[in-house]
Amino acid sequence: MKRLSVLLAGSALAVSANAVNWSKVSESPTGTIFSVDLNSIESSDISVIDKKPMDNITVSIRRTYPTQKNSAQKNDGKDGAATKETKATKDKASQDITLHHSDQQLLISCKDASYYKRAYVDYGADDKVIKSWQSEKPILTTKDFVVTTPKTIGRLIVDQACKSYQDGQKSV
């Protein structure tokens, strides 16, 4: 079942894996960089149940996390050599896998600046898949969408995707 989940999430994000047009949207105070793949933005045919017709777009985004120091090696301060690890420390270090980046696919409603996360894949520094998820909801309603708050990174991502989509529509 886990393999199937990885395959499904990977196929949902296949566009982002081949994307070459990442555009930085923002950087958080902690150093996480948020980017939108401008090549992945397209009209969506996913139906959303609503009182009024909604046009939605899909977009791939990437969160690149700041490099973290390895907690498994500690300096004892005497001679600059790393102290020996105990079995417990090694076990904990193997469970604390550091994320390098996360690719996500969002379904966005430009009408109300909201989004629904369809899938994500988290990667380690070596591009090894650490975790993945894909929505299994066959039918969406507007209640499934998260309405973004102005002046947040979420709103910046939605605004950038919608603006890029609208600019692309004007040039066609």
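Lys151 is exposed, at 85% relative accessibility; exposed means over 50% relative accessible area, buried under 20% and partly exposed in between, with a 1.4 Å probe and protein chains only. This is a predicted model, in which local features need pLDDT of at least 70, side-chain atom pairs count only at pLDDT 80 or more, and totals for chains, interfaces and linings use all residues. Residues are numbered from 1 along each chain as its sequence is written, and side-chain values use heavy atoms, with hydrogens and water left out.

**Positive phi angles**

- Most residues other than glycine have a negative phi.
- Lys151 has a positive phi near 65° and sits in the loop between strand 10 (146-147) and helix 4.
- Helices (H or I, at least four residues) and strands (E, at least two) are DSSP runs, numbered from the N terminus.
- Asp127, also not a glycine, has a positive phi of about 60°.
- The loop between strand 7 (114-123) and strand 8 (129-134) holds Asp127, which is exposed with a relative accessible area of 51%.

**Nonpolar cores**

- A nonpolar core is a set of buried Ala, Val, Leu, Ile, Met, Phe, Trp, Tyr and Cys residues joined through side-chain atoms within 4.5 Å.
- The largest one has 15 residues, and Val36, Ile41, Ile57, Val59, Ile108 and Ile157 have the most contacts inside it.
- At least two residues of this core come from each of strand 2 (33-37), strand 5 (56-64), strand 6 (101-109) and helix 4 (153-170).
- Helix 4 gives the largest share, 5 residues.
- A second, separate core has 6 residues, including Met54, Leu107, Tyr116 and Phe145.
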